[in-house]
Amino acid sequence: MADPRGFLKVTERVDRPKRPVPVRIMDWKEVQEAQERGVLQKQAGRCMDCGIPFCHEGCPLGNLIPEWNDLVWRGLDAEAVERMHATNNFPEFTGRVCPAPCESSCVLGINQPAVTIKQIEYSIGEMAFDEGIIKPFVPQRLVGRTVAVVGSGPAGLAAAQQLTQAGFTVAVYERDDRIGGLLRYGIPDFKMEKEVLDRRLDIMRAEGTRFRPGVEIGKDITWDQLKRRYDAVVVATGATRPRDLGIPGRDLDGVHFAMDYLVQANRVVAGDEVEGQIHAEGKHVIVLGGGDTGSDCIGTANRQGAASITSLAIGRKPPAGRSDADPWPMMPRLFEVSTSHEEGGDRTYMASTVEFVGENGKLTGLKVAETEYLPDGRRAPKGGTERVLPADLVFLALGFTGNESEEITGQLGAELDGRTNVARDDQYMTNVDGVFSCGDAGRGQSLVVWAIAEGRACAAAVERFLMGSTRLPEPVAPTDRAIDLTL
């Protein structure tokens, strides 16, 4: 039968004796849909065009939200697209995967639901391509300078597009076999189909950006060689080192980092064959970590036909509304329900992991206990409350601890900061002249919208370094764009 919302294909399965109840088999198509034009315009018309638009400050990109809301309300599609792209290279990405801090700082949200800024952004992004408004911006002349961008995630792509449009010859290096970084292999298709990425890459190729997939800097080409070949180098390699969980039984077969699981699933959806794929069909799955990565694991396991899915969090369940600790216009920590959570699975809070349990080297369960808050604020397992949850697969979605920086520090002498990020000054320059750092590689794990903002600002800093001035937007210091609560 068909799902009434139109984005899930549902059928019955009778070939799985391990689970007697019917299992919904869902496709990998995007679950998000554009709003109907009338609804979109009505929602945009709710924007109050505030004297002080706090949504600008809530957005790391400084998006001109009231301006394009007004243009959408008036039906001026091309103008709305232009205003959106004035600050954001990829609204079709952020409209899908950004958590929308702009909505949290919407003034209207003080006493009623905020304007649905993210949905409007998504709809405008799709409108831009559907109506053929998006065209390649080819520079009229080249400036005769070359830049290498290492990493093809949102930060690297934003920096590359900005520099290409300014007349630089830009090559983007990516160690994976396809361009896109986290956008390609970290985000499942049900959140962003890869055709969305590919059509933007086609635009960038037409503009002149050159892509070099399957080349790992530091191994295939040394960082020294790259620096000698190009006038400037932008390090946008992301924060790819996962956070581990060092409890007994960690080496059991069945305990995996979340990104290992998601990358394999994305490759299979793209048509690749993955030998020994981690697959959740018929298995009891536990996800540790309540962020977007954990949610993506839940949605992926649901589509693979997991027997059960349980998400565990060590802390308290977040509140449904703002607390005093998160006053407007800050982005509050709230209990959120993603589409993946709606599709199925249990969520448990105040659960401390104690031990991975197994037999003959294979995972069979996870021992947990209630979380106890100690007087010094630390959290610990409460004695006498231990229990074992059945588990065939456990995915660690606990965040990241920095980038894989051995080669760049050893070959180039780039310094790291206290959090193992590639250190940089307020102009995104590392201690190595002509080498810049942006996105997660420089600030640590963060949002896609922050990556794009840093890529744009880093591009302006590169142009100033090479040309003595910049025609791109002035670079924003990495610590700027934070809400000042003294206003």
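Visitor: Which residues of α4 and α7 meet?

Guide: This is a predicted model. In it, Asp-77, Ala-80, Val-81 and Met-84 of α4 meet Glu-121, Ile-124, Met-127 and Ala-128 of α7.

Visitor: How do these residues of the contact of α4 with α7 divide by class?

Guide: Six are nonpolar, none is polar and two are charged. Asp and Glu count as charged. Ala, Val, Ile and Met count as nonpolar.

Visitor: Why is α4 called roughly perpendicular to α7?

Guide: Helix α4 (residues 77-85) and helix α7 (residues 117-130) pack at an angle of about 115°, and their axes are 10 Å apart. That angle makes α4 roughly perpendicular to α7, because the class covers 65 to 115 degrees. The crossing of α4 past α7 is left-handed.

Visitor: What makes α8 roughly parallel to α10?

Guide: The angle again. Helix α8 (residues 154-165) packs against helix α10 (residues 194-207) at about 30°, with 10 Å between the axes. Angles under 35 degrees count as roughly parallel, so α8 is roughly parallel to α10. The crossing of α8 and α10 is left-handed.

Visitor: Which residues make the contact of α8 with α10?

Guide: From α8 come Leu-157, Ala-160, Gln-161, Thr-164 and Gln-165. From α10 come Leu-197, Arg-200, Leu-201, Ile-203, Met-204 and Glu-207. By class, six are nonpolar, three polar and two charged.

Visitor: Where does α8 lie relative to the strands?

Guide: α8 lies across β1 (146-150), β2 (169-174) and β3. It runs at about 165° to β2.

Visitor: What is the order of the open sheet of five strands?

Guide: The order is β3-β2-β1-β4-β14, with parallel pairing. From one strand to the next, the twist averages 20°.

Visitor: What makes β3 and β14 edge strands?

Guide: β3 (210-213) and β14 (435-437) each pair on one side only.

Visitor: How do you know that β4 pairs with β14?

Guide: Pairing needs at least two bridges. Strand β4 (residues 232-235) is joined to β14 by three, and the two run parallel. Val-235 stands opposite Ser-437 in β14.

Visitor: What joins β6 to β7?

Guide: Five bridges join strand β6 (residues 284-288) to β7, and these strands run parallel. Leu-288 has Leu-312 as its bridge partner in β7.

Visitor: Why is β7 called mostly covered?

Guide: Buried means under 20% relative accessible area. In strand β7 (residues 308-312), four of the five residues are buried.

Technical notes:
Residues are numbered from 1 along each chain as its sequence is written. This is a predicted model: local features need pLDDT of at least 70, side-chain atom pairs count only at pLDDT 80 or more; totals for chains, interfaces and linings use all residues. Side-chain values use heavy atoms; hydrogens and water are left out. Axes are lines fitted to C-alpha atoms, for helices over the stretch in contact, and angles run from 0 to 180 degrees between N-to-C directions. Angles under 35 degrees count as roughly parallel, over 145 as roughly antiparallel, 65 to 115 as roughly perpendicular and the rest as oblique. A crossing is left-handed if the near helix is turned anticlockwise from the far one by less than a right angle, and right-handed if clockwise. Contact means heavy atoms within 4.5 Å. Buried means under 20% relative accessible area, exposed over 50%, partly exposed in between (1.4 Å probe, protein chains only).
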